[in-house]
Amino acid sequence: MKRSKHMVWLLLLLTGYVAAQQPADTLRLSLQQVVQLAKTQSIAARQAATIRKTRYWQYRTYRSNYQPQLSLNGILPGYNKTYTEVQQPDGSVLFQPVHNNNSSVNLSFSQSIAATGGNIFGTTQLQRFDDFESEVTLYNSVPFGIGYTQPLWQFNPLKWDKKIEPLKYRESIQGYIESMEQIAIVASGYFFDLLLAQVNLQIAETNLTNTKMIQEIAREKLALGKVSKNEMLQLELEQLKSQKAVGSARRDCEIAALNLRSYTGLSQADPVVLMLPETVINMEAKADKVLAEAYANRSDAIAFTRRIAEARRDVAKAKGDNGLNAALTAQLGYSKSAPTLGKVYRQPQDQQEVSITFSIPLLDWGRSTSRLKTAQANMEFTSYEVEQAKQVFVQEIYTQVTLFTMMQEQLQLTMEADGIATEKYQIAKDRYVLGNVSITDLSIAFQEKDQAKRDYIFALRNFWGAYYQLRYLSLYDFEKHEKIHYQ
């Protein structure tokens with residue numbers, strides 16, 4: 001019952017008093033509304049959405065590497081009229097006129113094989129040659145050709161991309177959710193900056209009003225000789241301090257409101273009044289559950305696997321790029337030449353091609369070995385880094401769960417302290433009117449009341465900050481008992 005009365009008093013102070021002094025078009029916002037505004041309207045939210053879109057199309061580009069590729073290329077026309085040198089049998093050179101057209105068109109497809117790193121390809125070609133000097137026209141065609149190219153003993157980037165790129169994409173999806181939850185953390189910070197500024201303004205204005213009222217009472221006592229001139233001077237000093245506090249609080253309110261508007265994308269038209277957040281959240285966050293959800297949802301957890309895979313890929317690349325380059329190429333098909341287009345496709349002749357190309361460095365002064373040892377050392381270092389990051393990851397979860405529980409307890413304690421300080425000040429003020437308390441004791445009660453009010457707002461801030469941090473670290477909604485996701 002005591003806490004309920006205290007909350008009613010706070011709501012009257014923080015909302016009713018302000019509402020009476022604000023225009024009818026005042027925008028009243030809760031913490032959840034401010035967070036939602038930031039997630040939908042802020043520049044940070046748009047940037048996060050753009051990054052997500054970029055990562056999506058990067059993933060689509062990777063996927064296209066494993067799909068069949070079809071292309072059409074050619075030379076149309078290939079007209080040429082010039083003089084070119086022709087070496088004669090006796091070694092001399094004559095410049096002969098050349099006037100021809102050499103046009104071609106080629107339709108080809110290819111398909112990469114991720115498991116081997118090879119490539120299947122096919123082609124159909126048609127070429128026309130016109131010699132305008134001798135008035136001769138020739139056609140050459142490859143009606144159908146198919147082949148296969150296979151690198152030998154070399155690094156296979158397609159196989160490793162198939163392991164790493166899906167991890168990067170999953171990491172980017174979870175990274176977007178983390179960005180949105182990070183926006184909530186920042187927005188809640190701006191919310192409490194303005195809430196504290198508004199509370200300080202309300203406290204300052206209330207103190208100024210109370211100081212003026214106590215001054216009136218003190219003047220009557222002074223006329224009766226019940227207070228000293230020193231007490232009156234002390235009250236005048238308190239009034240000046242209260243007026244100064246009101247001015248400073250108004251300035252802080254303007255700055256905090258501007259920061260909140262700028263971040264959340266609110267218009268500058270209507271004044272904003274913030275409502276007190278709830279002091280209780282219907283949720284239970286156990287460390288084991290938070291840790292399990294963090295490992296399942298966080299981009300950092302995916303990054304642990306991805307970083308190890310990248311380190312292993314680099315080792316495989318260093319082993320494959322050892323200087324020995326070899327490739328097998330085999331091609332089957334048909335070809336035919338003829339003076340007319342109709343004959344070029346009649347009874348084409350078999351065409352086969354098999355070749356193995358290679359390049360072997362005979363002396364590289366240990367370059368290949370150095371690259372391999374460097375990659376292996378980097379992989380070892382990465383494994384240590386990931387292990388350390390995992391320990392920090394786990395410790396951060398357990399620390400935040402403990403902190404959230406502590407903030408819940410601290411909030412209840414500061415709320416009770418605020419009620420006691422408020423009641424104590426009211427008693428001191430009444431006793432001063434009756435002449436049973438000195439101005440010094442009244443000032444102390446004054447300061448204790450104000451500090452207790454501010455401590456309560458700070459406790460609210462810490463409590464909700466710990467709540468949003470817990471959501472960020474786990475990407476799990478403990479109130480709805482579901483994973484956090486965004487469209």
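Lys168 is partly exposed, at 34% relative accessibility (partly exposed lies between buried, under 20% relative accessible area, and exposed, over 50%, with a 1.4 Å probe and protein chains only). The model is predicted, so local features need pLDDT of at least 70 and side-chain atom pairs count only at pLDDT 80 or more, while totals for chains, interfaces and linings use all residues. Residues are numbered from 1 along each chain as its sequence is written, and side-chain values use heavy atoms, with hydrogens and water left out.

The structure holds 22 salt bridges (a side-chain nitrogen of Lys or Arg within 4 Å of a carboxyl oxygen of Asp or Glu). One of them pairs Lys168 with Glu310, with 3.9 Å between the closest N and O atoms. This pair links distant parts of the chain, since Lys168 lies in helix 4 (residues 157-223) and Glu310 in helix 7 (residues 299-320), 142 residues apart (helices, H or I of at least four residues, and strands, E of at least two, are DSSP runs numbered from the N terminus). Glu310 is buried, with a relative accessible area of 16%. A salt bridge also forms between Arg306 and Glu171, at 2.8 Å from N to O. Because Arg306 lies in helix 7 and Glu171 in helix 4, this pair ties together parts 135 residues apart in sequence. Arg306 is buried at 16% relative accessible area, and Glu171 is buried at 17%. Shared partners join Glu165, Lys168, Glu171, Arg306 and Glu310 into one network of salt bridges.

Strand 3 (residues 79-87) lies largely in the open, because zero of its nine residues are buried. Strand 3 runs antiparallel to strand 4 and is joined to strand 4 by nine bridges (two strands pair if DSSP finds at least two bridges between them). Tyr79 stands opposite Asn101 in strand 4. The hairpin of strand 3 and strand 4 has five residues between the strands, and Gly91 takes a positive phi near 95° there.

A nonpolar surface patch, including Leu70, Val105, Phe144 and Tyr334, has about 990 Å² of accessible area together (Shrake-Rupley method, 1.4 Å probe, with only the protein chains shown as cover for residues). Patch residues have over 30% relative accessible area and no salt bridge; like charges are joined within 9 Å and nonpolar side chains (Val, Leu, Ile, Met, Phe, Trp, Tyr) within 5 Å. Strand 4 gives the most to the nonpolar patch, with three residues. Tyr334, in strand 8, is partly exposed at 37% relative accessible area.
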